[in-house]
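Reader: I would be grateful for a close look at a single part of this model, with the surroundings of its ligands taken into account.

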Amino acid sequence: MKQLTVLLLLTGAILLGSATIKPNTGNGQYKNLRVLPRNITSKELLGIMTDDIDDGLGVSCGFCHAAAADGHGLDFASDAKPEKKIARGMMRMTLTMNKKYFKVRHPLLGAPNLILSCATCHNGQALPVMEQ
Ligand code: HEC
Ligand code: HEC
């Protein structure tokens with residue numbers, strides 16, 4: 001019985017210990033994420049914005065992100081530009097298609113297991129060009 005108590009205490013201590021070890025996630029520095037995970041790291045987020053989105057569509061950040069009110073740089077959290085809202089819908093669509101039609105289990109933008117990405121359709125164009 002005493003041994004069991006010791007064992008339970010030990011297990012509890014291990015569980016408590018592991019619960020306090022946080023995985024390497026961001027600190028929630030982004031203000032307006034509705035599709036991407038809220039705890040995404042800046043490295044992951046910027047990788048998606050640059051490699052998947054900018055390169056996939058052949059545009060730069062200001063295509064979707066509005067200018068900051070003070071005129072310096074871009075206000076990334078703002079939803080003022082319609083292109084950003086369209087892009088959010090496209091992100092949701094891309095994730096749904098991967099899951100529903102290509103059976104990707106946990107689709108995440110930027111992940112190597114995605115079968116369909118922005119570039120699959122956009123191929124470097126903001127408006128996909130349909131070859132007739
Ligand atoms: C085609 C549109 C598009 C382009 C181009 C784009 N983004 Fe984004 N960006 C988005 C969308 C949509 C979100 C919001 C995602 C969400 O809701 O989860 C976002 C979110 C962000 C955020 C988080 C802002 C916050 O606080 O919520 C940052 C930072 C950001 N983008 C940086 C960039 C940078 C830097 C570039 C250029 C390298 C870029 N983006 C290019 C569409 C775009
Ligand atoms: C299944 C194909 C497909 C995928 C995948 C896709 N798109 Fe699109 N996207 C389109 C089509 C088609 C249009 C043009 C719609 C139209 O003509 O109104 C479009 C239009 C857009 C526009 C509007 C462009 C403009 O100039 O008005 C944005 C922004 C956009 N997509 C972003 C994205 C982003 C970001 C991703 C990846 C997260 C993505 N799309 C993935 C097919 C796709």
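Which residue follows α3, and is its phi positive or negative?

Author: This is a predicted model, in which local features need pLDDT of at least 70 and side-chain atom pairs count only at pLDDT 80 or more, while totals for chains, interfaces and linings use all residues. Residues are numbered from 1 along each chain as its sequence is written, and chains are lettered from A and ligands numbered from 1 in the order in which they are written.

Lys103 follows α3, and its phi is positive, near 55°. Helices are DSSP runs of H or I with at least four residues, numbered from the N terminus. The expected span of a helix is 1.5 Å times one less than its number of residues. The 21 residues of α3 should therefore span 30 Å, and the 29 Å between its end C-alpha atoms agrees with this.

Around ligand 1, α2 (42-57) and α3 (82-102) each supply at least two residues; here α2 gives the most, with 7. Of the 26 residues in that shell, Tyr30, Asn32, Met49, Cys61 and Cys64 come nearest.

How values were computed
Near = placed C-beta within 6 Å.
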